[in-house]
Amino acid sequence: MKKISSQKRNVFWSKFFTYFYMVVLSIIIIYPLLITISSAFKAGNVSAFSLDFNSKWTLNNFRRLFDETLYGSWYKNTLIIAVFTMICQVSIVTLAGYTYSRYRFAGRKNSLKLFLIIQMVPTMAALTAFYVMALLLNALDQYWFLTLIYIGGGIPMNTWLMKGYFDTVPIDLDESAKLDGAGHFRIFWQIILPLVKPMIAVQALWAFMGPFGDYMLARFLLRSQEKITVAVGLQSFISNARDQKVALFAAGAILIAVPIVTLFFFLQKHFVSGLIAGGTKG
């Protein structure tokens with residue numbers, strides 16, 4: 001009886017701390033979101049972020065965002081960069097991960113180690129190098145250069161992650177397909193690729209989110225007001241302590257979430273684990 005009672009107490013405290021942790025984490029995440037929503041829909045001039053749902057609500061801040069600022073151009077710029085970054089990075093990382101997982105070639109281990117070393121270098125340390133490269137290539141204030149940096153910056157670590165996921169796919173599938181006469185590309189495209197859709201979906205979401213959240217690189221390499229990204233543009237609303245456009249900042253921050261949430265719901269059917277568990281059955 002004592003043993004059973006002790007087990008019940010352990011289960012109780014385990015559940016208690018689990019739910020307590022989840023509640024605290026939810027508060028940390030939801031509270032800033034509520035403040036942003038409250039500030040975005042407030043009428044009149046808002047000088048500071050505050051959680052107040054009693055004031056009059058309006059959509060005027062969203063209208064002002066597009067009528068009085070270049071937010072529409074910033075939004076379009078970021079979307080273009082994010083889409084190209086996502087497509088190119090996911091394509092490269094998927095092919096690279098499959099290659100490192102399934103083939104043995106000279107320099108394989110050393111190149112994987114090089115990827116890790118490159119990933120250890122923080123972006124801040126490379127800002128000067130990026131700026132010099134942009135000057136040499138006449139690429140300062142150009143979208144294509146910033147997009148290439150985003151793509152290249154995500155390749156090293158994501159290749160490692162993709163390789164690890166490909167490693168979980170049983171090699172027996174490749175061997176069986178080869179016996180049936182399938183070539184390398186057919187094995188990759190029709191057999192292996194459908195099994196790694198969860199990781200591809202995750203990679204796509206990460207790559208798409210990057211340009212929306214990045215401030216430093218975009219601020220450093222894009223100079224024209226009409227060419228900057230939405231993160232840089234929003235920061236300009238609150239950079240002046242004497243004239244902070246808090247309501248416009250909050251409204252713009254909410255609109256940033258729209259394409260990201262849309263992509264998440266589009267990809268969520270692929271965020272499933274255990275697809276490979278029955279891959280070799282039958």
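Biologist: Buried means under 20% relative accessible area and exposed means over 50%, so is aspartate 141 buried or exposed?

Modeller: Aspartate 141 is buried, because its relative accessible area is 12%, which is under the 20% cut-off. Bear in mind that this is a predicted model.

Biologist: Where does aspartate 141 lie?

Modeller: Aspartate 141 is in the loop between H5 and H6. Its phi is positive, about 70°, although it is not a glycine.

Biologist: Why is that worth a remark?

Modeller: Most residues other than glycine have a negative phi.

Biologist: And asparagine 138, what is its phi?

Modeller: Asparagine 138 also has a positive phi, about 55°, and is not a glycine. That residue sits in the loop between helix H5 (123–136) and helix H6 (143–167).

Biologist: Is asparagine 138 buried or exposed?

Modeller: Asparagine 138 is exposed, because its relative accessible area is 66%.

Biologist: Let's change topic to helix packing. At what angle do H3 and H11 pack?

Modeller: The angle is about 150°, and the axes are 8 Å apart. H3 and H11 are therefore roughly antiparallel.

Biologist: Which residues meet there?

Modeller: From H3 there are Tyr71, Trp74, Tyr75 and Thr78, and they meet Val230, Gly233, Leu234, Ser236 and Phe237 of H11. Six residues of this contact are nonpolar, three are polar and none is charged.

Biologist: Which residues of H11 are buried?

Modeller: In helix H11 (residues 230–238), they are Val230, Ala231, Val232, Gly233, Leu234 and Phe237.

Biologist: And what covers the buried residues of H11?

Modeller: The cover includes H2, H3, helix H9 (197–213), helix H10 (216–221) and H12.

Biologist: You mentioned H2 and H12. At what angle do their axes cross?

Modeller: Helix H2 (residues 60–67) and helix H12 (residues 246–267) cross at roughly 90°, with their axes coming within 9 Å. That makes H2 roughly perpendicular to H12.

Biologist: Which residues make the contact?

Modeller: On the H2 side they are Asn61, Phe62, Arg64, Leu65 and Phe66, and on the H12 side Ala247, Leu248, Ala251, Gly252, Ile254 and Leu255. This contact divides into eight nonpolar residues, two polar and one charged.

Biologist: Now the rings. How many aromatic pairs are there?

Modeller: The count comes to 20 aromatic pairs. One of them is tyrosine 75 with phenylalanine 212, where the ring centres are 6.4 Å apart and the planes are at 70°, so the pair is edge-to-face.

Biologist: Which parts does that pair tie together?

Modeller: Tyrosine 75 is in helix H3 and phenylalanine 212 in helix H9, so the pair joins parts that are 137 residues apart in sequence. Both tyrosine 75 and phenylalanine 212 are buried. They also belong to a cluster, linked by ring pairs, with Phe66, Tyr71 and Phe208.

Biologist: What about tyrosine 100 and phenylalanine 115?

Modeller: Tyrosine 100 and phenylalanine 115 form an edge-to-face pair too, at 6.0 Å centre to centre and 70° between the planes. Tyrosine 100 lies in helix H3 and phenylalanine 115 in helix H4 (residues 108–120), 15 residues apart. Both tyrosine 100 and phenylalanine 115 are buried.

Biologist: Last one: which residues does UniProt list as "transmembrane region"?

Modeller: The unreviewed UniProt entry lists residues 20–41, 79–100, 112–137, 187–209 and 246–267. In the model, residues 246–267 are 100% helix, and the end C-alpha atoms of that span lie 32 Å apart. Residues 112–137 are 88% helix, with end C-alpha atoms 28 Å apart.

Methods: Residues are numbered from 1 along each chain as its sequence is written. This is a predicted model: local features need pLDDT of at least 70, side-chain atom pairs count only at pLDDT 80 or more; totals for chains, interfaces and linings use all residues. Side-chain values use heavy atoms; hydrogens and water are left out. Axes are lines fitted to C-alpha atoms, for helices over the stretch in contact, and angles run from 0 to 180 degrees between N-to-C directions. Helices (H or I, at least four residues) and strands (E, at least two) are DSSP runs, numbered from the N terminus. Angles under 35 degrees count as roughly parallel, over 145 as roughly antiparallel, 65 to 115 as roughly perpendicular and the rest as oblique. Contact means heavy atoms within 4.5 Å. Ala, Val, Leu, Ile, Met, Phe, Trp, Tyr, Cys and Pro count as nonpolar, Asp, Glu, Lys and Arg as charged, and the others, Gly among them, as polar. UniProt positions are given in the numbering used here, feature names are shortened, and annotations may be inferred rather than shown by experiment. Buried means under 20% relative accessible area, exposed over 50%, partly exposed in between (1.4 Å probe, protein chains only). Rings of Phe, Tyr and Trp (its six-membered ring) pair if their centres lie within 6.5 Å; planes under 30 degrees apart count as stacked, over 60 as edge-to-face and the rest as tilted.
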